[in-house]
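Please read it alongside the sequence and the coordinates.

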Amino acid sequence: MAKFKTLDDLDLTGKRVLVRADLNVPVADGKVTDATRIERLIPTLREIVKVDGKAIILSHFGRPKGKVDPEFSLEQVVPAVVEALGHPVGFIATDWVDVARARQAIDEAPAGSVLVLENTRFHPGEEKNDPDLARRMASLGDLYVNDAFSAAHRAHASTEAVARLLPAAAGLAMQEELLALEKGLGNPERPVIAIVGGAKVSTKLELLGNLISKVDALVIGGAMANTFLHAGGLGVGKSLAEKDLAETANTIRDKADAVHCAIILPIDATVAWRFEANAPHRFYGADAIDPDGMILDVGPGSIERIKGAIDEARTVVWNGPLGAFEMAPFDQGTVEVARYVAARTKAGKVVSVAGGGDTVAALAHAGVKEKFTYVSTAGGAFLEWMEGKSLPGVEALKG
C-alpha cells in the first residue's frame, strides 16, 4: 500500500479542518440506536480541538436523492455526537448551493469548536463528484481529513474531489483501519486463511477471485458452500444453492489449485426440514445429505477441520457467516469458529481482521466483536477492499 498522509503530516493548530465522517448511523424515533461510527470519530475530533482547531464535519445521511429533505437532516444526529464527545457541537444548515452563510458561521465560531454541516447529499453534485460543489466545500476549510473509511469506496465530492483541493490526510480511525487491512491482506504474516460465507456465490465472485491469489487457504461456508458441493457432484437436498453457477464454482477451484490455495469446504452439515429456529435437525456427511432436507449450518466435523486450518495460520480474514447464525442452533458453526479465532488472537497466535454487515452482527452474536484484532464496520468499502479494488477516498490521501 502506497503511503497515505496522516494527522502527523498536518499542522492543525488554529485551522479550520473539514472532517469527512460517516454519520450515516441508524436512527429510530429521532434517536441514534448504534453510535459505533460516531465513537470511532471522537479521537480525531479531540486532536483538532485540543490545538484550537475548528472541526467541521461533512457527512451524508440516508438517500435524499439530491434534494433538501428534513427527514434526512443531520441535525437529528448532533445529540449523539455531543454525548460521545462530551463537548458542545454546533449545527450549520445549508443547501450546498450558497455556502456564504455557512462560511460566516464557521468564521464566527470560537477556536476549538466542533460543527456539523448539513447532509452533503442534499445537493445532487455530491454523488456526481461535482468539482464546483467540491470547491464550495473546500472554501469552508484550510485542511481536509477523511475519517470515513466506510464511505471511501465512493468517488463523491466530499470523499474524493475536495481531498484534492486542500492539504489532506487520513483521520485516526481511517489510519487504524488502513493499517489493519494492510496486516490482513496487503502485507500479512503467513500463512493466511480467509473465511468467506454468505448466501450467494454470485455476489462474491470478485472477492473469491482476488482472495485465491492472496491467501494460502480459503474456507467457504454458508449457503454459497452448497453451490460448490453441488458443483462437485454432491447432493444438497432442498438447500439454497445457485446450481447454474456450478461451472463457475469449478473454475474457481481450478484457479485455486493452480496457485496452491487450498479450498476448504464442509465435510458434514447440520440439516433441518424447516427454516426456523430450533427446527428438528440432524448431522449428515456432505456426501449423504437427505434429499428432503436443507443445509443450515456446517457440522461438527467441519468445525474441527476449520479449527485445524486456523491452527496453521498466522493471519485470519473473515467475511460472512458459516450458517444461518440468526437462528439457534444453526449458529453453532459461526459461534464456535469465531470464538476459536478470538482465543487464538488473544494468545498472540493470529492477526484477525473481519468485516461486512452480517459478519459484524455474527461476531457480536458470538460475543467476540471486541476480541478480534480489527473488526471493520465499513460494509461496502471493506468488501471492495477484499475484492482488491482501489478506493477513491483512500487514493486521494496518498502522497
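1. In the largest nonpolar core, which has 74 residues, Tyr144, Phe149, Leu211 and Leu218 touch the most other members. A nonpolar core is a set of buried Ala, Val, Leu, Ile, Met, Phe, Trp, Tyr and Cys residues joined through side-chain atoms within 4.5 Å; buried means under 20% relative accessible area, exposed over 50%, partly exposed in between (1.4 Å probe, protein chains only). Helix α8 (residues 222-231) supplies the largest share of this core, five residues. Helices (H or I, at least four residues) and strands (E, at least two) are DSSP runs, numbered from the N terminus.

2. This is a predicted model: local features need pLDDT of at least 70, side-chain atom pairs count only at pLDDT 80 or more, and totals for chains, interfaces and linings use all residues. Residues are numbered from 1 along each chain as its sequence is written, and side-chain values use heavy atoms, with hydrogens and water left out.

3. Not counting residues up to four places away in sequence, the contacts (heavy atoms within 4.5 Å) of Phe149 include Met174, Leu178, Phe382 and Trp385.

4. Strand β6 (residues 114-117) is covered on both faces, with Val114 and Val116 buried on one side and Leu115 and Leu117 buried on the other. Strand β4 (residues 54-58) pairs with β6 in the parallel sense over three bridges; pairing requires at least two DSSP bridges between two strands. Leu115 is the bridge partner of Ile56, and Gly90 also stands opposite Leu115.

5. Thr94 lies in the loop between β5 (90-92) and α3 (100-108) and, at 10% relative accessibility, counts as buried.
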